[in-house]
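Good morning, everyone, and thank you for making time for this.

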Amino acid sequence: MSDNWSAIAMAFVALFFVGGIVSFLKQGLKKGAVLLTALAALATTAAVLWW
């Protein structure tokens with residue numbers, strides 16, 4: 001396991017956003033899902049760059 005906890009935290013944040021995307025899509029909130037998709041992409045990018 002990595003000693004870089006920031007990268008691990010960002011990966012979990014990205015997974016949290018993915019869960020939000022699924023929830024928003026089930027509720028029919030497409031604009032919110034698009035926003036969460038962008039945030040999940042940013043969190044994933046941050047996790048990869050910190051790793």
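I will start with the overall picture, then take the helices in turn, and finish with the core and a few single residues.

What you see is a predicted model, so local features are reported only at pLDDT of at least 70 and side-chain atom pairs only at pLDDT 80 or more, while totals for chains, interfaces and linings use all residues. Residues are numbered from 1 along each chain as its sequence is written, and side-chain values use heavy atoms, with hydrogens and water left out.

The protein has two helices and zero strands, where helices (H or I, at least four residues) and strands (E, at least two) are DSSP runs numbered from the N terminus. Its C-alpha trace spans about 40 × 15 × 10 Å along the principal axes. Of its 51 residues, 25% count as buried; buried here means under 20% relative accessible area, exposed means over 50%, and partly exposed lies in between, with a 1.4 Å probe and protein chains only. The protein exposes about 3,900 Å², and carbon and sulfur atoms supply 75% of that area, which was computed by the Shrake-Rupley method with a 1.4 Å probe. If we take the contacts (heavy atoms within 4.5 Å) with a separation of 6 or more, residues 24 or more positions apart account for 53% of them.

Let me turn to helix α1, residues 5-27. In α1 the buried residues are Ala7, Ile8, Ala14, Phe17, Gly20 and Ile21, and what covers them includes α2, residues 30-50. After α1 comes glycine 28, whose phi is positive, near 85°.

How far apart are the end C-alpha atoms of α2? They are 30 Å apart, in agreement with the 30 Å that its 21 residues should span. Buried in α2 are Gly32, Ala33, Leu36, Ala40, Ala43 and Ala47. They lie on the same side of α2 because they cover an arc of only 90° around the axis, the arc being that of the directions from the helix axis to the C-beta atoms. These buried residues of α2 pack against α1, whereas on the other side of α2 the exposed residues include Lys30, Lys31, Val34 and Leu35.

Now to the largest nonpolar core, which is made up of five residues, Phe17, Ile21, Ala33, Leu36 and Ala40. By a nonpolar core I mean a set of buried Ala, Val, Leu, Ile, Met, Phe, Trp, Tyr and Cys residues joined through side-chain atoms within 4.5 Å. The largest share of this core, three residues, comes from α2. Leaving aside residues up to four places away in sequence, phenylalanine 17 touches Leu36, Leu39 and Ala40.

Glycine 32 counts as buried because its relative accessibility is 17%, and its C-alpha atom is separated by 8.9 Å from that of glycine 20, twelve residues away along the chain.

Finally, phenylalanine 16 is exposed, with a relative accessible area of 65%.

Terms used. The expected span of a helix is 1.5 Å times one less than its number of residues.
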